[in-house]
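Subject: Structure for you to look at

Hello,

I am passing on the structure we spoke about. Please have a look at it before reading on.

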Amino acid sequence: MSGEPKPVPRPTPETRPYWEATQRRELVHHRCDGCGAGTQHPRAICACGSTDLTWTSCTGRGRLFSYVVVHRPEPAFADEAPFVLAIVELEEGVRMTTRIVDVPADPAALPLDMDVELRWLERGDVNLPVFAPAAPEGT
Amino acid sequence: MDAIIIGAAETDVLGRNPDQSVLGLNVEGGLRALADAGLEPGQIDGVAGAYSPHGVAHALGITPRWVDSTNVGGCSFLMHVRHAAAAIAAGHATRVLVTHGESGRSRAGTVPRPRDPQSWTGQFEEPYGAKPPYTRFTLPALRYLHDNGLDETALAQVVVAQRRWSSRVPRAGRRDLMTIDEVLAAPALAWPFTVPMICMLTDGGGGLVVTASEHATAEQLRRSVKVLGTGESSDPLLVAQVPDPVGDSAARRAADDAFAEARIGRSEIGHVMVYDAFAHLPLIGLECLGLAPVGKAAELVAAGETSPGGSLPLNTNGGGLAYTHTGMYGMFAIQEAVRQLRHEAAAQVPDVSTSAVLGYGGMFTASSVLILARD
């Protein structure tokens, strides 16, 4: 184990609803009521001009959009290497940086566009949204 | 636009220099650029830089009427040139000194950057282990390769091509020629990125003097480089949210604005510098500049068109991958373009008269472009 603690997020007034939702193990995004576009972190005005933006629950399903397999992390994460650091695109169209877990850190097991589903990684008293390969339908 | 670059120089040492602080590197870069232009500090009335231009001005005895401390990461210096051109046209300054200095390797006099768990990156990236640039800048690369029917061989080809340049440049930090197999077999820091696909980390700096023709002497005009066109833009602050690096992106917008201002066609570009902290950027950058169709830059690189003797000489100093990279490389991309246009480069492209310089910054979320030319 590294001596340096792993960093945990500290909410700002703008992001508090996002992190409060993670305490309930709920993933939300900031969705524009005008055009339907969403972002992971909040904005004051959507690019379409609308100011009607609402924190909205996500289904937790998405696809593996892109990734790297980190072999030499910063020291705080040395005990976890290699790990899969990824961009996941949620069903809602929102892209976020996250981890892919419960899968070998091997490109052969990580085809792009693979269906993924939400998992939770506990770090102290913070729940981090991460993703794992989706279970086959019907299971 | 009538802006010209009349002074351009790098610090004497690029690489390891623990005896020079960040401030010292900025001062040396500035003084050498002034000497190149045949100017004294007192003739400068505008200063720009990503590290305390107001401190650099004081250290050099300059009393500025115009200050620009834009810092969006590595492409900041391209923006400084653009902003300086506008300031000079507006009469806010007559001669602007842009400096860069960074002790990326020795960390001498470097401003500490403690974690900020309230920042966007501190909340949405760092908790996942995404902090080193090679874990963030690189995230969209696999998507780009996949969508264009490519694999990591395309990244290795970029390294192979740029080593052909750096092997001819005595000041380059990585000068050994490499094969594709050697690049792919090197240790991966963040697969698919192996060590040679990731930039160097060095100490160094440089300076530029920007003015307008009406303020320059005949001798300064003789070696001057014209700033024909410029552009800049930014994307969402987190790389995961950039809509499409080769389509709707800061680099594409900056390039389109720069070419529109320059009023020249893509086919007139004889030399290209693309900010290459990582090996996917030259491919994506060529496509954003409109110098290769989307998905086709790798074919140009594999065919040798970006190598010595090719039709589109790219990163002719070896780039951030093989020449030097202090952390914010943009200053060095401009320096090499100016050397090529003055016909003073170590690996000179014959008869070159136009250069496109594309800078990236902010972990792939900001960009700026300069189109430079020589009569």
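Below is what was found, chain by chain.

Please keep in mind that this is a predicted model.

Chain A

Chain A has one helix and eight strands. Buried residues make up 31% of the 139 in chain A. Among the contacts in chain A with a separation of 6 or more, 48% come from residues 24 or more positions apart.

Chain B

In chain B, nine strands form an open sheet with mixed pairing, in the order β3-β2-β4-β7-β1-β8-β11-β10-β9. The edges are β3 (66–68) and β9 (272–274) of chain B, each of which pairs on one side only. On average, neighbouring strands of this sheet are turned by 20° against each other, direction ignored.

Within the sheet, β2 (residues 46–49) and β4 (residues 95–103) of chain B run parallel and are joined by four bridges. One residue to look up is Gly46(B), whose bridge partner in β4(B) is Val96(B).

Two helices of chain B can be described against this sheet. Helix α1 (residues 22–37) of chain B packs on the sheet and touches β1 (3–10), β2, β4 and β7 (203–212) of chain B. The direction of α1 makes about 140° with that of β4(B). Helix α10 (residues 281–288) of chain B also packs on the sheet, touching β9 and β10 (354–361) of chain B, and its direction makes about 125° with that of β9(B).

Regards

Notes: Residues are numbered from 1 along each chain as its sequence is written. Chains are lettered from A and ligands numbered from 1 in the order in which they are written. This is a predicted model: local features need pLDDT of at least 70, side-chain atom pairs count only at pLDDT 80 or more; totals for chains, interfaces and linings use all residues. A residue is buried if 20 or more other C-beta atoms lie within 10 Å of its own, exposed if 12 or fewer, and partly exposed in between; C-beta atoms are placed from the backbone. Two residues are in contact if their C-beta atoms, placed from the backbone, lie within 7 Å. Two strands pair if DSSP finds at least two bridges between them. Axes are lines fitted to C-alpha atoms, for helices over the stretch in contact, and angles run from 0 to 180 degrees between N-to-C directions.
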